[in-house]
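Please look over the structure shown here before reading the notes on it. They are arranged by topic.

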Protein chains: 2
Amino acid sequence: MPDPIRLGIAGLGTVGRGVVRIVQRHGATLAARAGRPVEIVAVSARSRDKDRGVDLSAYGWEDDPVALARRPDIDLFVELMGGADGPAKDATEAALEAGHDVVTANKALLAIHGQALAETAERAGAAIRFEAAVAGGIPVVKALTEGLAGNEVTRILGVMNGTCNYILTRMENAGLTYDEAFAEADGLGYLEADPELDVGGIDAAHKLALLSAIAFGTRVDFPNVRLEGIGSVSIDDIRHAADMGYRIKLLGVARMTGRGLEQRMTPCLVPASSPLGQLEGGTNMVVLEGDSVGQIVLRGAGAGEGPTASAVMADVMDLARGIRLPVFGQPATGLRAARAAVAAVPAPYYLRMTLVDKPGALAKIARALGEAGISIDRMRQYDHAEGTAPVLIVTHRTTRGALEEAIAAMDATGVVAESAVALRIEEL
Amino acid sequence: MPDPIRLGIAGLGTVGRGVVRIVQRHGATLAARAGRPVEIVAVSARSRDKDRGVDLSAYGWEDDPVALARRPDIDLFVELMGGADGPAKDATEAALEAGHDVVTANKALLAIHGQALAETAERAGAAIRFEAAVAGGIPVVKALTEGLAGNEVTRILGVMNGTCNYILTRMENAGLTYDEAFAEADGLGYLEADPELDVGGIDAAHKLALLSAIAFGTRVDFPNVRLEGIGSVSIDDIRHAADMGYRIKLLGVARMTGRGLEQRMTPCLVPASSPLGQLEGGTNMVVLEGDSVGQIVLRGAGAGEGPTASAVMADVMDLARGIRLPVFGQPATGLRAARAAVAAVPAPYYLRMTLVDKPGALAKIARALGEAGISIDRMRQYDHAEGTAPVLIVTHRTTRGALEEAIAAMDATGVVAESAVALRIEEL
């Protein structure tokens, strides 16, 4: 049997513990599949004494993850500390500079420093793998980089933050307000220490930016992901959208257009009958569209010990088996800087507004939309309440620019009691 | 730029043409991703003169695929002729013996000769890749072999024959009989020349047997896939199943049990609200379950020029990038012979029968089930027609053996006008 692959694991939280458990439980299977043993040599974490429910006595210990990353007796540094900067970045750089491959679950680190780290890796002849950074246990990085390697990728769509999808699903199914569903998710431990990473869409946007780089051969461009969290999604919109046959999801979309790279992580409506629309709870889903393959849908757990550790192990096993690819699927120095698209491609929109209950009010709204070049696909007026009338409109394809113009014109008519909420309907 | 990878393509039907188109259309992208050009050197097909809508003038031509497979100026032989024996097998063997890697879409070839071919490949130091042989464009071989490499695979489920799913979906949605839906599928060109490959479940069983080998480290064991086609599925059962919240699918299931490897390709009920239950038309779906990752669902087109060519190109690109794995994920000589499980693990069953409309009839049926140790979860009796009463029963978990005993006992009661149809309900 050839030499073992020797791991140093930094970070022994949920995911780190999961990786240790897999290596301990499945040693013989891993060796048969990799053609060589998979061994843990040393580990590092904040506290040595904490009981993590796994036996670490056979492994070396380093208080300093950078020292672990540099150990000459490891082949592979597994970074599971998290954080875009600080120890995670320092240790990753140290590992690469020592010529060690790196496997990481750290989406923030790569979304922000991915290009520099990929260049460092290439200079050192080392690999960085990050399956666990995107959509937990779903092998989406592999599906995109390798499975769709013969395709021009036309669009990526994804529900990639389970916490947001849990909150939105609970609002719809249990009739909770956003604040109630948020509190429930918090009580279940689903939220990051900084909840804005989840509900603000930042965490999911990190993941989208990584997939974009692979799909379009561009440098990771997280700052140009158009970001809008779920904090402004109301139970009213969730219900009205459902009435019209849609569900509201925090949806990541990336596509290369004639006007540049479009990347968005925003609440969108999707058809309730589509796989994305049917996705409930904390599950993740990524839809990959390619010019040959059509549409591939991948669904699975986006977080948790087992699924994330499974993804880490997929990378470890690839490296153990000698599978080595550039970080983003092609040499980092050859990645183009993405030109960010200023505006998203046109789409239908959902509009919800409240009108004063006066004759001719609806006609004024319809005229304002028409004058902005926006045609109406469907309109519904609901029961009047205290002199006002809620109105829902689904438009034909239009741009957000035209829509904002129309909303301003509608507000100026004097018949709008509550200005329009506009949500994009992503066509599938 | 390093040396090109040089392809010889045998078979220029739908898929072969698709592969040629991708190589011609995406040359620059493929080269950037592979780090080397991807070139077609020569092709082979039955008729040289046929207009296939692609320009083949730059490529060499071989009338004999075996001669193509042996050409010293190719690195990689792409086998797209089909058929378990004959030219496909001869040419594949010739390519391997010449030390050439092989990419194939041929499920029958590998389901029947996979072990011998894998051993030949290993002796020659060559690779065989077959992503396109299973579930068309869905990168399921890669997801299972690599993405889930850290998992003990606990179960594989799949709808892997789009034609069968199309027929079943049309029966349910358009109220067609099996014969009508079959004729419609035939008219659309969805059926193989020998339709029994589709509707008999053979084609899908070939695919399942390949996935089993990867998942469980066993030799491909197609003869022990329990096979039952969709020809006996009636519109009545589809409707009654829907009433009870289920859909009928031709479902492949593979799992390793304490009593051996269980492989089935049979019509089963699945919950209508599950991803498998929601799958309509010709789309394929594979569900992979692992001890760490939980449940991963993969969905996409299972056939057609673009999707299948996309899968072929994924394999071509892997080999161009130097990704080389044993055929079934671990050395062929190390694969264990699978012990086939005699009986499937217990499951709930759906029973439909017609009783004579006499007092006490239902009680006799319930007693027969009880005496066979089968308890009833739900029962429905429908409107009587001409002295008979259709009855539906969903049982708690039981074995097919106990069920057959109960059906014989029910038939002996004298109250059964039409003997029970029994369909397994696969739990998800």
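Predicted model: local features only at pLDDT ≥ 70, side-chain atom pairs only at ≥ 80, totals over all residues.

Residues are numbered from 1 along each chain as its sequence is written, chains are lettered from A in the order in which they are written, and side-chain values use heavy atoms, with hydrogens and water left out.

**Interface extent**
- Contact, meaning heavy atoms within 4.5 Å, involves 46 residues of chain A and 46 residues of chain B.
- About 3800 Å² is buried between chain A and chain B, with 51% of it on carbon and sulfur atoms; buried area is the accessible area (1.4 Å probe) that two parts lose on being put together, summed over both.
- On the chain A side, Arg33(A), Arg299(A) and Arg321(A) lose the most area to chain B, together 17% of what that side buries.

- The interface holds 4 salt bridges, defined as a side-chain nitrogen of Lys or Arg within 4 Å of a carboxyl oxygen of Asp or Glu.
- Arg25(B) forms a salt bridge with Asp291(A), at 2.9 Å from N to O.
- Elements of chain A that each supply at least two residues to the side touching chain B include α1 (14-25), α2 (27-34) and β12 (294-301); helices (H or I, at least four residues) and strands (E, at least two) are DSSP runs, numbered from the N terminus.

**Pairing across the interface**
- β12(A) and β12 (residues 294-301) of chain B run antiparallel and are joined by 3 bridges; two strands pair if DSSP finds at least two bridges between them.
- Arg299(A) has Val297(B) as its bridge partner in β12(B).

**A sheet in chain B**
- Six strands of chain B form an open sheet with parallel pairing, in the order β3-β2-β1-β4-β5-β6.
- β3 (60-62) and β6 (128-129) of chain B are at the edges with a single partner strand each, so one side of each has no neighbour in the sheet.
- Within chain B, 6 bridges join β1 (residues 5-10) to β2 (residues 38-44), and Arg6(B) is opposite Glu39(B) in β2(B).
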